[in-house]
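Please look through the sequence and the model shown here before reading my notes.

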2 protein chains.
Amino acid sequence: MGKVITGGTMSLDGFIAGPGESGFDLLFQWYGNGDVEIVGASPNVPPLRLSRASADLLKDEWGNAGALVVGRHLYDMTNAWGGMHPMGIPVVVLTHRVPEERPNFVFVDEGIEAAVAKAKEIAGDKDVVVNGGQMARQALEAGLIDEIGVELVPVLLGGGTSLFADLGIAPVQFEGPIRVVEGTGVTHLRYRVHSSTDGTSA
Amino acid sequence: MGKVITGGTMSLDGFIAGPGESGFDLLFQWYGNGDVEIVGASPNVPPLRLSRASADLLKDEWGNAGALVVGRHLYDMTNAWGGMHPMGIPVVVLTHRVPEERPNFVFVDEGIEAAVAKAKEIAGDKDVVVNGGQMARQALEAGLIDEIGVELVPVLLGGGTSLFADLGIAPVQFEGPIRVVEGTGVTHLRYRVHSSTDGTSA
């Protein structure tokens, strides 16, 4: 059985998006500041150019991932990544309105528990990755997350959307970091969610 | 000439205080979760009990510190730490109302630049430490900070006061981390402020 993991790229002052959806250029500089090219499976998304350390970590984690859970908004906004997510794995889309069937995507309209359960079924022994933002918050609140990853970027955005914004079960303590990898312009931190989180905090 | 440094203990979602000034017990668990006792110079503040890694870092940084800059609110709230700050160094207090003279404390009412200048004069070759929160924000905005330290704690507080809250010069990019030390329940990260910060962002 794989793990269920989530996380996001975060500024040093705790924001995954700056004021008015700004700051993505600064947050995601590490996607393009290295020499190691990673060509994703999406026809629409250009290759990443990562530092060696970041690339090794991403290849490792992408290699272990068996399914991804995203919200309908991201699915629409990216135009379904042109038909295939960069990670090259099936995507479970949590939505209120199930569209027509489409290869590489599965639509679930029964809430985050059902979406993660479907992703686990697809992933088998591999990990399920839950996209950051609202999906991550809902999954954490429901006690579905095993590990959190934070890609910490040395920039202050001064405001915006916090990691796990509007979390209904705070405070939540994690164990770790169980892994720290220093890339160029980013520190990759991995934490384990205590198994008691859903029991004591909900 | 020493450096001017600042920072704070921060939750994984970016808060140096939780909602309604909560969460300090969780943020500062690392002050008491180890075996290495550090007895401070204040008669009012109990010893810290740190992990070996955190203790080694603190001793190193405290040993290099020559003066501290704090705001009047903290000075009043702590009752001047009983007459001596735990770090055992002179404290420059930025205030609107200069009180009577007092050993180990210097009062400045001409703004953050004057307070840091006075602290530098006192510190000589040693470092000046600017307390977190409002002092840190003002000093960073004024281009006075050389290094930032973040003690990152694996807890989500879900809201509260952000690191460098209400920063008027965001976005600000730092260099690093130039040092990463893994304590127990805390990751100590140190960043260098680009010398161009005050020039390009103010």
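**Notes on the two chains and their contact**

1. Between chain B and chain A an area of about 2500 Å² is buried, and carbon and sulfur atoms give 66% of it. Buried area here is the accessible area, found with a 1.4 Å probe, that two parts lose on being put together, summed over both. In chain B, the residues that lose the most area to chain A are Leu12(B), Pro154(B) and Leu156(B), which together make up 25% of what that side buries.

2. Before going further, please keep in mind that this is a predicted model, in which local features need pLDDT of at least 70 and side-chain atom pairs count only at pLDDT 80 or more, while totals for chains, interfaces and linings use all residues. Residues are numbered from 1 along each chain as its sequence is written, chains are lettered from A and ligands numbered from 1 in the order in which they are written, and side-chain values use heavy atoms, with hydrogens and water left out.

3. Counted by residues, 31 of chain B are in contact with 31 of chain A, where contact means heavy atoms within 4.5 Å. There are zero salt bridges between chain B and chain A, a salt bridge being a side-chain nitrogen of Lys or Arg within 4 Å of a carboxyl oxygen of Asp or Glu. Six residue pairs, with both residues at pLDDT 80 or more, are in polar contact between chain B and chain A; such a contact is a pair of N or O atoms within 3.5 Å, and within protein one must be able to donate a hydrogen and the other to accept it, while residues adjacent in sequence count only if both atoms are side-chain atoms.

4. Which strands of chain B each supply at least two residues of the side that touches chain A? They are strand 9 (147–153), strand 10 (155–156), strand 12 (172–182) and strand 13 (187–193), and strand 12 of chain B gives the most, with seven residues. Strands (E, at least two residues) and helices (H or I, at least four) are DSSP runs, numbered from the N terminus.

5. Asp13(B) is found in the loop between strand 1 (4–11) and strand 2 (15–17) of chain B. Asp13(B) is buried yet has no salt bridge, and the nearest side chain of opposite charge, Arg137(A), is 11 Å away. Buried means under 20% relative accessible area, exposed over 50%, and partly exposed in between, with a 1.4 Å probe and protein chains only; for charge, Lys and Arg count as positive and Asp and Glu as negative, whereas His and the chain ends are not counted. The side chain of Asp13(B) makes a polar contact of 2.6 Å with that of Ser11(B), and a polar atom of the Asp13(B) side chain lies 3.0 Å from the backbone nitrogen of Leu157(B).

6. Two cis peptide bonds in chain A deserve a careful look. One runs from Ala170(A) to Pro171(A), with omega near 0°, and Pro171(A) is in the loop between strand 11 (161–162) and strand 12 (172–182) of chain A. Another joins Gly176(A) and Pro177(A), with omega about 15°, and Pro177(A) has its place in strand 12 of chain A.

7. Asn104(A) has a positive phi, near 75°, in a residue other than glycine, and is partly exposed, with a relative accessible area of 34%. Asn104(B) also has a positive phi, of about 75°, and counts as partly exposed at 35% relative accessibility.
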